[in-house]
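Work through the exercises below with the sequence and the coordinates open. Each task is followed by a solution in steps.

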Amino acid sequence: MNDKAIFRIPDQVPEDAKASWLSTCRYRGRFFSKPRMSPRHPIWLVPLGIAAALEFAFFVQRLPADRPADVVEELDGEIFARDFCLQFRYPGKDQVLPSADDRYGSTDLYVPAAAVVRLILKSHDYVYTVEIQEVGIYEIAAPDLTFELQFTAPESGTYALLGSQMCGYAHPQLLGELIVQSPAEFSRTMKRLSPIPFPTTQQ
Ligand SMILES: [Cu+2]
């Protein structure tokens with residue numbers, strides 16, 4: 001062993017372990033009196049890693065869940081009763097009713113959470129009632145007459161929407177749900193709905 005070596009490897013250490021120790025300490029052996037932490041695992045990476053993780057967490061937190069453009073504060077729609085079924089007409093992306101991008105659904109009514117919802121009620125054939133207990137709605141739809149209802153949508157969830165044709169018989173297509181969605185979900189639902197009204201014949 002060279003006497004000028006700055007630190008000494010004990011003679012009883014096996015040769016392969018000596019080689020490994022030397023390769024780890026080789027770069028620092030000339031400048032420091034004793035070996036320090038391996039240069040392959042510098043300790044200053046720990047606070048740097050923590051800082052990077054925190055910065056990433058704050059970045060994710062700042063990402064908006066819904067873009068402001070998606071927020072719907074008001075919804076003007078239409079309920080059209082026909083053939084023992086309730087059809088719903090939505091204003092589409094331009095929020096204007098009627099217009100070319102209107103959307104149509106039936107039985108279940110979709111609204112965006114917290115929006116002020118105004119619906120015109122019309123009937124093609126009989127007298128119907130529409131009841132949404134959650135928002136205190138009980139309104140009528142009748143031929144040649146126009147009724148209107150208004151409510152503020154509750155938080156996201158599913159609530160009963162009960163239609164009746166006042167004949168003492170429960171028509172399945174009149175028993176639907178008020179489905180309240182986040183603005184982003186509501187936007188996706190509108191894209192999925194039919195762009196044309198559909199005739200209903202089922203009783
Ligand atoms: Cu009936």
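Helices (H or I, at least four residues) and strands (E, at least two) are taken as DSSP runs and numbered from the N terminus. The model is a predicted one.

**Exercise 1. State how many helices and strands the chain has, and give their order.**

Solution. Step 1: the chain holds 3 helices and 10 strands. Step 2: read from the N terminus, the elements follow the pattern α-α-β-β-β-β-β-β-β-β-β-β-α. Step 3: for the chain as a whole, 21% of the 203 residues are buried. Among contacts with a separation of 6 or more, 60% are between residues 24 or more positions apart.

**Exercise 2. Work out the strand order of the open sheet of 5 strands, and say which strands stand at the edges.**

Solution. Step 1: take the pairings in turn. β4 (109-112) pairs with β10 (residues 175-181) in the parallel sense, over 4 bridges. Within this pairing, P112 has Q181 of β10 as its bridge partner.

Step 1: β10 also pairs with β9, here antiparallel and over 6 bridges. L161 lies opposite G176 in β10.

Step 2: β9 (residues 157-164) is joined by 3 bridges to β6 (residues 128-132), and these two strands run antiparallel. E131 has L162 in β9 as its bridge partner.

**Exercise 3. Find which residues of α3 are buried, and determine how they are placed around the helix.**

Solution. Step 1: a residue counts as buried if 20 or more other C-beta atoms lie within 10 Å of its own. In α3 (183-192), the buried residues are P183, F186 and M190.

Step 1: looking down the axis of α3, these buried residues fall within an arc of 60°, so they line one face of the helix. An α-helix has 3.6 residues a turn, so residues three or four places apart point the same way.

Step 2: R188, K191 and R192 are exposed on the other side of α3.

Step 3: the cover over the buried residues of α3 includes β2, β3, β4 and β10. The helix α3 packs on the sheet and touches β4 and β10, and its direction makes about 140° with that of β4.

**Exercise 4. Identify which members of the largest nonpolar core touch the most other members, and say which elements supply the core.**

Solution. Step 1: the core has 26 residues, and those touching the most other members are I79, L86 and V111.

Step 1: two or more residues each come from β1 (74-82), β2, β4, β5 (116-123), β6, β10 and α3. The largest share, 4 residues, is that of β2.

Step 2: take L86 as an example. With neighbours within four places in sequence left aside, L86 is in contact with I79, A81, S106, T107, V130, G163, L174 and G176.

Technical notes
Residues numbered from 1 in each chain as written. Predicted model: local features only at pLDDT ≥ 70, side-chain atom pairs only at ≥ 80, totals over all residues. Pairing = 2+ DSSP bridges. Core = buried A, V, L, I, M, F, W, Y, C linked by C-beta atoms within 7 Å. Buried ≥ 20, exposed ≤ 12 C-beta atoms within 10 Å, placed from the backbone. Contact = placed C-beta atoms within 7 Å. Arc of directions from axis to C-beta. Axes fitted to C-alpha atoms, helices over the stretch in contact; angles between N-to-C directions.
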